[in-house]
Amino acid sequence: MIKKLPNRIKALGVIYFTVLLASGCQYQKKTDVKENVLVYCSEGSPQTFNPQLSTSGTTFDASSRTLYNRLVEFRQGTTYIEPGLAESWQISSDGREYTFNLRKGVKLHQTEYFVPSRDFNADDVIFSFERQRDKTHPFHKVSNLSYNYFESMELTSLIQKIEKISEYQVKFYLSRAESPFLATLAMDFASILSEEYAAELLSEGAPEQLDLKPVGTGPFKLVRYQPDAYIRYRAHSDYWRGKEKLENLVFAITPDPSLRFARLVAGECDVMANPLPVHISSAHNFKYAKVLSSAGLNVSYLAMNMLKTPFNSLKVRLALNHAIDKKAIIKAVYKQTATTAKNPIPPNMWSYDDSIDDYPYAPDIARKLLEEAGFEDGFDMTIWTMSAQRAYNPNAKKMAELIQEDLKAIGVRVKIESYEYGTFLNKVRQGQHHSALMGWIGDNGDPDNFFTPLLSCGGTITGTNASNWCEPDFSRLIHLARSQTKLRKRVNHYREAQELFKYYSPWVPIAHATQHAIINPRVKNFHIIPAGGVHFSGVYLDKEFYRD
C-alpha cells in the first residue's frame, strides 16, 4: 500500500517540469515526457566537466561516466578490465612498455560549440596524458584545479614517455614495472579528451572552455548545464558501442537527501543519489521506490593531521582509537548498514588482513595513554566535516557529534566545523585541518588505489593523504607491491603495510558502508558499481510502466 504523500512532496511536480522545460525537453503529457527522460536526483554540482581535475565522485558521475571513455574500461558492474578506446594491447616482458592499438572509427561529440573534423586518434590520447604529466604543456595550468589523482598515483614519475607510433597506436614507457597500470588507466582521471577541440580553443584564446564545455567520445553528450539546478544530456547518436536506448538524461541537482527521496517516491526522479538509512528502511512503502544494495569498496575514517600537535604523538593517536565507540556510530549513523573498520582497505578487497585485531573501545585505556603522553588534562581539538552526504558517510555531522561525546569522556574538548564539499576538500588538501572526517571509494578494485593516494609520502604532497603521515618503510612496501607481477607477493607486501598502518595509526578507521541505490522500478539494467558512482550506459526505461 502506498502512503499518502504530503502536499510538500506533491508540489515538487512543479520543480520537475520546470527542470524539463528549462533543459529543452518538449512537454506534451506526463507519460510522454517520462518515457523519454530519465531524471537522476544528484547530490551536488560538479566541480568541473574535466575528470582529470577532480577526485570527486559527484564530478565523475557528471563527466567521465557520461561523456568520456578511457583506453581500457571496467566491465559493467565489475572491476574486470575490458577494451575501451584501445581494442588491444601488448606488454613487454619486463612490464615497462605498454603498446595500445586504438579503435578506429570512433566519433567525437558534435555539439553547438564544436564540430569535429576527424575521428578519435592517437593525438587525443597523447594530449590527454601530456596535459597532466608535462608542466610545460600549454593546457597544464589552464584551470585553477590541479591533477591530484594523476599525481597521487605517482604517474608523473612512473610514465617516462608516451610515443605516437601511428595514428592508431601509442606506446607508454614506464620507469618501472607497475602491476596496477591497466586498472589505473581505467580510472576516471584517465578519460580521453579531444586534442582538436583543445587546439581550436587555444587558438581562440579560450582554453578554459575545455573544462567547462566538454567534448568526448562517451555515450552521452552535454546539452545544457545550469549550476546548482540541472545538467541535461542527450544520447550520442554515433557512439562507437551503439547509440544508447536512453535518449535523454537529466541530472536534477538536489543537495537535500530528504528532498531527493521525496522526489523519487513522488515518481519525479528515477534514481536518487546517496539515500539515507531511513530511506532504505522505508522505501518498500512506496510504489516508485526499489532498493538495490551491494558491498562497497569504501572506508570512512577520522584523519589526524600528524603535522599538528598533539597528533604527532603516537600515544595520542592510539588513545583516540580506543576512545571512539565505532559500534555506536554504526548503529546511530548507518542504521546497521555498515561494518566497523580496522584496516585502510575494505574486507571485500583482496589482500585484506583479517588477522589484525582492532583496538577495543576502552575509555580507561585511552585516558591512561593520554596521561603517558603528557595530556592528563586532555586537550582541545577541531574536527572538520563536509556538509555533503557521501556514500561512505551518510551524516558526517552526526558522526562528529558522537565522536565529540566519546572524546569528552576522556577529557578531550572537541569543536566541530562544517564546510561545503568543495571547500572542505580544498582546505584539507592544503593541510589546514586539525582532524577531519574523511572517506574514500576505491576506483579500480586494486588495493594500491587506497594505499598510494591516502597513505603514501607522495600523497602528502598532493594533499590526498589527509593525515600527512609519511613513513618510508610503508611507502617502500607499497612500491614493492606495485612492481610485483605475482599476486602472492603483492598480497604479502600489502599485509605488511597494513601491520605498519596499525602500528602508527594515522587514522581512526570507522566504517565500511554498504552501497545502496533507490530507483524507480521502470529503470532497467541499472547496476550498483563496486567502485561507486552511477553509470547510465546500457540503462533503459520500461515505457509500459505508467500504463499499467
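Student: Hi! Is C470 buried, partly exposed or exposed?
Tutor: In this predicted model, C470 is partly exposed, with a relative accessible area of 43%.

Student: And which cysteine is C470 joined to?
Tutor: A disulfide links C470 to C457, with an S to S distance of 2.0 Å. The angle about the S-S bond is 100°, and the link is right-handed. C457 sits in helix α18 (residues 457-462), while C470 is in the loop between α18 and α19 (472-483), 13 residues apart.

Student: What about C457, buried or exposed?
Tutor: C457 is buried, at 19% relative accessible area.

Student: How many disulfides are there?
Tutor: The count is two. C41 and C269 also form one, S to S 1.9 Å. C41 lies in strand β1 (residues 37-42) and C269 in the loop between α10 (257-265) and β11 (271-272), so this pair ties together parts 228 residues apart in sequence. C41 is buried at 0% relative accessibility, and C269 is buried at 0% too.

Student: New topic: what order do the strands take in the open sheet of four?
Tutor: The order is β4-β5-β7-β6, with antiparallel pairing. β4 (86-91) and β6 (159-166) are the edge strands, each pairing on one side only.

Student: How many bridges join β6 to β7?
Tutor: Six, and β7 covers residues 169-174. I159, for instance, has L174 as its bridge partner.

Student: Which helix packs on that sheet?
Tutor: Helix α5 (residues 122-133) does, touching β5 (97-102), β6 and β7.

Student: Last one: what is the mean pLDDT?
Tutor: The mean is 91, and 93% of residues reach 70 or more. Over residues 1-33, though, the pLDDT is below 50.

Conventions:
Residues are numbered from 1 along each chain as its sequence is written. This is a predicted model: local features need pLDDT of at least 70, side-chain atom pairs count only at pLDDT 80 or more; totals for chains, interfaces and linings use all residues. Side-chain values use heavy atoms; hydrogens and water are left out. Two strands pair if DSSP finds at least two bridges between them. Helices (H or I, at least four residues) and strands (E, at least two) are DSSP runs, numbered from the N terminus. Contact means heavy atoms within 4.5 Å. Axes are lines fitted to C-alpha atoms, for helices over the stretch in contact, and angles run from 0 to 180 degrees between N-to-C directions. pLDDT is the predictor's confidence in each residue, from 0 to 100. A disulfide is a pair of cysteine sulfur atoms within 2.5 Å. Buried means under 20% relative accessible area, exposed over 50%, partly exposed in between (1.4 Å probe, protein chains only).
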